[in-house]
Amino acid sequence: MINKPLVLTYLYLLIYILLSSGVILYNKWVLSPKYFNFPFPITLTMIHMGFSGVVAFFLVRVFKVVSPVKMTFEIYATCVVPISAFFASSLWFGNTAYLHISVAFIQMLKALMPVATFFMAVLCGTDKARLDVFLNMVLVSVGVVISSYGEIHFNIVGTLYQVTGIVAEALRLVLTQVLLQKKGLTLNPITSLYYIAPCSFVFLFVPWYLLEKPMMEVSQIQFNFWIFFSNALCALALNFSIFLVIGRTGAVTIRVAGVLKDWILIALSTVIFPESTITGLNIIGYAIALCGVVMYNYIKVKDVRASSQLPAESIPDRIAKDWKLEKKSSDIFNPNNSSDNNGGNINSEPQIDEEAPLIASSRLSHIGRTQVSNHGV
């Protein structure tokens, strides 16, 4: 007999993987000078933030799909504003990287996300330095270095943009725990969009005015409403797919889905963008990094199970049972739960995808980024 809840769970996971991959490839296509040729990543990110903020406003205030949290000016100024600043920065730098390096190489660099998150968490006192985790981080870093060495079209500017975006995302994730957890706030992807998207839009306005507005005035820009509308709609749909996924699955399933998504994305990008050449050294380096990410995820999930006194199970068994065992704990999105793509501390990372405009990832969109997003987004 078909287990309908389990089938529905994997259907949601499939939708998440397709949307997450689709948003990344769509952004690359729009921004790349070789394709749609709209080389203004800040503008594209602002379109996502503006669209998501408006939709979230209607869902919260008009249709009342979800209720807003008790937000005071003090909480907004001390929590939402700094988190939005780092969120906006991570999207800005991450999208700018598309102009310089391939999607495949970007996904390989994103394996550094758990490394950045771990060190930021240790520095901020939200995680403890541990030898086993540190060795995993070394393994991940070595794998990324090997993968970078094997990159045929290596570009230092694009690499620096992507790494800076990863560091900004790591800071955002740690700040989310330090600030929001301290205030006892719980945000789901919709309320995250409602509070953070408008603030991120404002932060992005300054660099847009200084860097892109003068270029847009002298450039022959092709602005196709349906292209940008569908692009923003896909990013928003990614947030909602995460809302569905985290309501029916748990940490292990989301992390496994994130790893699967990255491999699919690397393969698809080489087909859609022929200039994205993958070498054997790329694959070897990424496989090494991925081993470190998987081991790290296993350690963090095991720690959570031990702290909650849950019996240890193999990953396949857990995936088969997570819709039963984890649904209750995932019914409400908690920014301190695990993510599938960031691979950071399960107690310090919100479920988000770095590619969504706001997924409280990635990688809290993408709060976007996501996190059902960087590695585990």
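Start with the lining of the second largest pocket, whose residues divide into four nonpolar, six polar and four charged (Ala, Val, Leu, Ile, Met, Phe, Trp, Tyr, Cys and Pro count as nonpolar, Asp, Glu, Lys and Arg as charged, and the others, Gly among them, as polar). This is a predicted model, in which local features need pLDDT of at least 70, side-chain atom pairs count only at pLDDT 80 or more, and totals for chains, interfaces and linings use all residues. Residues are numbered from 1 along each chain as its sequence is written, and side-chain values use heavy atoms, with hydrogens and water left out.

Now select K28, K34, H100, I101 and E275: of the 14 lining residues, these lie nearest the pocket's centre. A pocket here is an open set of points on a 1 Å grid over the protein atoms alone, where a 1.4 Å probe fits, with protein on both sides within 12 Å along at least five of seven lines; lining residues have an atom within 4 Å of a point.

Next, pick Y35 and F273, one of 21 aromatic pairs. Rings of Phe, Tyr and Trp (its six-membered ring) pair if their centres lie within 6.5 Å; planes under 30 degrees apart count as stacked, over 60 as edge-to-face and the rest as tilted. Y35 and F273 are edge-to-face, at 5.2 Å centre to centre and 70 degrees between the planes. Y35 is partly exposed at 28% relative accessible area, while F273 is buried at 0% (buried means under 20%, exposed over 50%, partly exposed in between, with a 1.4 Å probe and protein chains only).

Move on to F223 and F228, a stacked pair with 4.6 Å centre to centre and 15 degrees between the planes. F223 is exposed at 55%, whereas F228 is buried at 3%.
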